[in-house]
Structure formats: structure tokens, C-alpha cells
Amino acid sequence: MTTRKADVLLKWLAKAPPGPVVELGCTRYDYESESEGFSTFYLAKQCASEGREFRSFDINPSHVRNARKILSDHGLVGTVQALPGDHAVKLVPAIAFLYLDTSDNAGDTMHQYLNANMAPGGIIVIDDCHSYGAGQFGKGTKVIEFLGLDKIRFEKTGDFIMAVIQA
Ligand SMILES: C[S@@+](CC[C@H](N)C(=O)[O-])C[C@H]1O[C@@H](n2cnc3c(N)ncnc32)[C@H](O)[C@@H]1O
């Protein structure tokens, strides 16, 4: 049984075509928990082992500093920049794997999704798509309403649900 968010991310990353991996919403704490997936570390580590480019963006500069420290403490390579996700995602062409884990405003996730230039067959994973204050499908509410349920796979880890979309 899957119990960690990282397991879902790495499972789907393995199915992504060649190309860059982009994360919107970097790791802000120094630990992993059921809700805090420590995604920057796991994605960067896997990218390093595959020779993929890894880029992470976050609107909060102190979270960016934390994520950079995690990477350097573990000897991992990757670019972490302080930028709003809907702008940042436009900077990377032909994204192979996109992880959307920013605010609880489902409109933010929708703008990020619409602005992303995905490679054919690229994989998009949206965190926190369970029902809570962000809407019926959490952060993914607007994207899921837009695409329809038949286009989405749902993966549960503990109390948390991620949505998986193939471009
Ligand atoms: C839940 S945390 C990300 C957790 C991280 N993915 C992990 O697994 O450790 C959400 C992050 O999104 C950032 N954020 C919120 N709104 C944003 C936006 N519009 N653009 C980029 N980052 C944003 C926050 O600063 C915060 O660091």
C-alpha cells in the first residue's frame, strides 16, 4: 500500500517521457510527513539518477532558501527560484513531468496548468485533490471541472489524494 506522497510522484515520474521535471511549490520544512511530502528532495534525487533537469519554483523566498539548502545538504543539483507558479511554468519548454503543489486557491493551480508547455505524453500531478476548503477536489478543483473526471486518475496516500493527468 502506498503511504507516502513521494511514492506516487516517483511512480508517475517513471512513466513520463524524457525531458525536464518542474515542481511548483517547493519543500518548506526540513522534514517529511504525511502531509508534507518533501517533494523537492525526492524529485531532485530521482532526476539526478536519470540525468534529468530539475527545476522548482515557489512564491516565498524563505521556502526557496530552505529547498536550496535541502538540495545542497544532500549534494543534489537543481534550480530553485522565487517566482509565482503561473509565470514560472512558462519558462520551461516541453515539460515532461509537472508537480503542482502551491496554494489552496484552485484558481492558482488552474492558471499554472493552462500556462504549462507540456511535452507530448507529459505527466501532471496535482497534490491535495481531496475535498477541503479549496473545493470538492481541493487544489485540483478547477482543473478537474475543466477536464472532466474521465481524464483524471486519482491516487490516495493516507488522507491525501493526488490527481494525475497525461498531456
Ligand atoms: C504545501 S507547500 C509545498 C510542499 C512541497 N511540495 C513538499 O512536498 O514538501 C505549498 C508551497 O506553495 C507555495 N506557493 C503558494 N502559492 C504559490 C504560487 N502562486 N506560486 C508558487 N508557489 C506558491 C508556498 O509558498 C508553499 O511553499
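In what order do the seven strands of the open sheet lie? Keep that in mind as you look around; the notes below start there.

1. First, a caution: this is a predicted model. The open sheet has seven strands in the order S3-S2-S1-S4-S5-S7-S6, and the pairing is mixed. At the edges sit strand S3 (79-82) and strand S6 (153-157), each of which pairs on one side only. From one strand to the next, the twist averages 20°.

2. Now for the pairing itself. Strands of a sheet pair through backbone hydrogen bonds, either parallel or antiparallel. For a parallel case, look at strand S4 (residues 95-100) and strand S5 (residues 118-126), which are joined by five bridges.

3. Next come S6 and S7, which run antiparallel and are joined by five bridges. Phe 154 has Ala 163 in S7 as its bridge partner. The two strands form a hairpin with two residues between them, and Gly 158 takes a positive phi near 60° there.

4. How do H2 and H3 lie relative to each other, parallel or oblique? Helix H2 (residues 39-50) packs with helix H3 (residues 61-73) at an angle of about 45°, the axes being 10 Å apart. The two are therefore oblique to each other. Their crossing is right-handed. On the H2 side the contact is made by Thr 40, Phe 41 and Ala 44, and on the H3 side by Ala 67, Ile 70 and Leu 71. By type, the contact residues are five nonpolar and one polar, with no charged ones.

5. Last, the ligand. There are 20 residues around the ligand, and those that come nearest are Gly 25, Thr 27, Gly 37, Ser 39 and Gly 85. The shell as a whole divides into six nonpolar, nine polar and five charged residues.

Note on methods
Residues are numbered from 1 along each chain as its sequence is written. This is a predicted model: local features need pLDDT of at least 70, side-chain atom pairs count only at pLDDT 80 or more; totals for chains, interfaces and linings use all residues. Axes are lines fitted to C-alpha atoms, for helices over the stretch in contact, and angles run from 0 to 180 degrees between N-to-C directions. Helices (H or I, at least four residues) and strands (E, at least two) are DSSP runs, numbered from the N terminus. Angles under 35 degrees count as roughly parallel, over 145 as roughly antiparallel, 65 to 115 as roughly perpendicular and the rest as oblique. A crossing is left-handed if the near helix is turned anticlockwise from the far one by less than a right angle, and right-handed if clockwise. Two residues are in contact if their C-beta atoms, placed from the backbone, lie within 7 Å. Ala, Val, Leu, Ile, Met, Phe, Trp, Tyr, Cys and Pro count as nonpolar, Asp, Glu, Lys and Arg as charged, and the others, Gly among them, as polar. A residue is near a molecule or strand if its C-beta atom, placed from the backbone, lies within 6 Å of it. Two strands pair if DSSP finds at least two bridges between them.
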